[in-house]
Structures are given as C-alpha cells and as structure tokens.
Amino acid sequence: MTSRPDPTLFAALHGELAPHPAPPGGGADAYGLFLARSSALGWLDTLWGMNDAGRDPAPGSRAAWFQVAPLGGAVPVQPFLACAGEVVARLGTLRLDALRLLLPLPRGGPAGGAVMGLLQEAGWFAGAAEGAAVPVRVTLDSGAAADGAALPGAVPALLPWLRGFKQTVFDCASVTAGEPDEAGAADAAYGPAPVDALWGGPARHRIVVTGGLAEWSLDALGWLAAFLAEGCAAQGVSDPLLLTATASSA
C-alpha cells in the first residue's frame, strides 16, 4: 500500500503585482515576511510549520506563492490565506485574477464544529454590499490515487449539502463533473500545479462549483475553500484537492 504524502497547504496567487518602492538597503522577501507575520500572530508552529514562499517576477505568472505544513487535524486555510494576503500587501498592490490552492481535507472526516464555526465567521462578510456578489467558478481536482474517483462521486450529494446551511457568503448555483482534459488547460493558463509528490497528483478527477461569492478577496476565498473542504469530506472524499478559483462573468 502506497503511503500518502504529508499534508501540505500551498497557495499560488495569480495576477499583476505592482511592487512598492524598495526601502534603502532592500526590502524583505516573501519568505521572511510570511515567517515573521505568522510568528507574530501566534500561528507559526501552532497552526503550521513553515516550508517555503516566494515571488515570480515575470509578468503574467504567479505573483506570489506560499507553502506550509499544517499541524493537527484542522486545515487552517483561512488564517493561511489571511497571512499570505498581508504579506503580499507589504510587497505591493495585487490585482488577484486567480487562486490555486493545494487543499488537504480534514483528517478523519469533517470536524464536528467546523461548519458551525464557519457559519459564525460568516458575519465578517455582513458588510459586503447586498446584491453585489461576485460570480465565481471553482474547480476541485483529486489526484491519481485509487480513491480519487470519490470526488466526482460526491457531485449528487454535495450541492444539497452546500445549500443546506443558512449563510450569506456563498450562494451555490451548480456542482457538476468536469471534463478530464480541463486540468491540463488550467496548468497552461496558470502554470504547473504543485509538485505531484506533495499531493499524489497529477489531477485525474475534477468537479466544478459555481455561484456567487460575497466579495472577491482572499478572506472570502479562504472561507469558501474551508466550506468546500468540509462538504467534500462529509461525502467521503479524503484525498487532498487542487482548488482553482476564478471570478467569472458567466
């Protein structure tokens, strides 16, 4: 039996990053800033262990990327993306076009109080303008493991699960099975996925989730990623997922 890789949380932020002027003596890099900020917030070595981070200076590529090892059973995707967002704000002004996120699912299935916590946290987005939800398209890819097919098998039950909670952050419109060749198209558009050894890739199975998100921000995307992770885990999906989120006019 092949052992699964250790859980890895990886985020690639795609878009144009207009850098701030470098201070005398040079500015800090993404790794140093992320390490310092997550330590200051008490998240380093409690929610995750630091792995790596960096910037891609070429136009049209990843603006920045971050990689940590989650500690414990919960997946700290919201604080992880919040910390990444603060780091990028120190580096420059980002126009976020897409988020690619390597998302470990909760160990041992969905956490008992995780969804209730998400519903409580939804109040943070209460200030979003009513009726101004952003149409988003989220793809979730499972890897090449034998049980990767559990992801498309979750499609019939996932839509009613996502709609079964009263919240105003994400209004789910559809959950469908994706086309097998879409993973390659995503890699062509956003660069290669994380190293396959980190998650059991390459992608073999895909579902597509569409709906309206309260706002196009890393805060809201972190909430949505955590919500989708709990929903997939509740349907028996256990493999790490590669999430790609884009704002869509469709």
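Reply: Start with pLDDT: it is the predictor's confidence in each residue, from 0 to 100. You need it here, as this is a predicted model. The chain averages a pLDDT of 86. A score of at least 70 is reached by 84% of the residues.

Me: Which element has the lowest mean pLDDT, and which the highest?
Reply: Helix 6, residues 182-190, has the lowest mean, at 62. Helix 1 has the highest, at 96.

Me: What do I do with a low score?
Reply: Where pLDDT is low, the predicted coordinates should not be read in detail.

Me: OK, the inside. How many residues does the largest nonpolar core have?
Reply: It has 64 residues. F34, F66, F80 and L101 have the most contacts inside this core.

Me: Which helix gives the most to it?
Reply: Helix 7, residues 218-234, with 11 residues.

Me: Why would nonpolar side chains gather like that?
Reply: In soluble globular proteins, they tend to be buried together.

Me: Take F80. What is it in contact with?
Reply: Skip its neighbours within four places in sequence. Then F80 contacts L9, F10, A11, F34, W48, F66, Q67, V68 and L101.

Me: Is F80 buried or exposed?
Reply: F80 is buried, because its relative accessibility is 0% and the cut-off for buried is under 20%.

Me: What other core is there?
Reply: Another core lies apart from the largest one and has 6 residues. Among them are F10, W65, L102 and L242.

Me: Switching to rings. How many aromatic pairs are there?
Reply: A search of the whole structure finds 10. One of them is W48 with F80: the ring centres are 6.0 Å apart and the planes are at 75 degrees, so this pair is edge-to-face.

Me: Where do W48 and F80 sit?
Reply: W48 is in strand 2, residues 48-55, and F80 is in helix 2, residues 77-91. They are 32 residues apart in sequence, so the pair ties together separate parts of the chain. W48 is buried too, at 0% relative accessibility.

Me: Are W161 and F165 buried or partly exposed?
Reply: W161 counts as buried, at 18% relative accessibility. F165 is partly exposed, at 22%. The cut-off is 20%, so the two fall on opposite sides of the line.

Me: Which residues form an aromatic cluster?
Reply: F34, W43, W48, F66 and F80 form one.

Me: Now charges. How many salt bridges?
Reply: The count comes to 3. Side chains of opposite charge can pair when their charged atoms come close.

Me: Which residue does E86 pair with?
Reply: E86 pairs with R37, and their closest N and O atoms are 2.5 Å apart. E86 lies in helix 2 and R37 in helix 1, residues 30-40. E86 is partly exposed, at 36% relative accessibility. R37 is partly exposed as well, at 32%.

Me: And the others?
Reply: R95 and D97 meet in a salt bridge at 2.7 Å, N to O. R95 is partly exposed at 45%, and D97 is partly exposed at 34%. D141 and R206 also meet in one, at 2.6 Å. D141 lies in strand 5 and R206 in strand 7, residues 205-213, so the pair ties together parts 65 residues apart in sequence.

Me: Are D141 and R206 buried or exposed?
Reply: D141 counts as buried, at 2% relative accessibility. R206 counts as buried, at 6%.

Me: What else touches R206?
Reply: T139 does. T139 sits in strand 5, residues 134-142. Not counting residues up to four places away, T139 touches R206, I207, V208, L242, L243 and T244. T139 is buried, with a relative accessible area of 3%.

Me: Last topic. How many disulfides does the structure hold?
Reply: It holds 0. A disulfide is a covalent bond between the sulfur atoms of two cysteines.

Me: Are C83 and C172 buried or exposed?
Reply: C83 is buried, at 0% relative accessibility. C172 is buried, with a relative accessible area of 4%.

Notes:
Residues numbered from 1 in each chain as written. Predicted model: local features only at pLDDT ≥ 70, side-chain atom pairs only at ≥ 80, totals over all residues. Heavy atoms only, no water. Helix = DSSP H or I, 4+ residues; strand = E, 2+ residues; numbered from the N terminus. Buried < 20%, exposed > 50% of the residue type's maximum accessible area, 1.4 Å probe, protein only. Contact = heavy atoms within 4.5 Å. Phe/Tyr/Trp six-rings, centres within 6.5 Å; stacked < 30°, edge-to-face > 60°. Salt bridge = Lys/Arg side-chain N within 4 Å of Asp/Glu carboxyl O. Core = buried A, V, L, I, M, F, W, Y, C linked by side-chain atoms within 4.5 Å. Disulfide = S-S within 2.5 Å.
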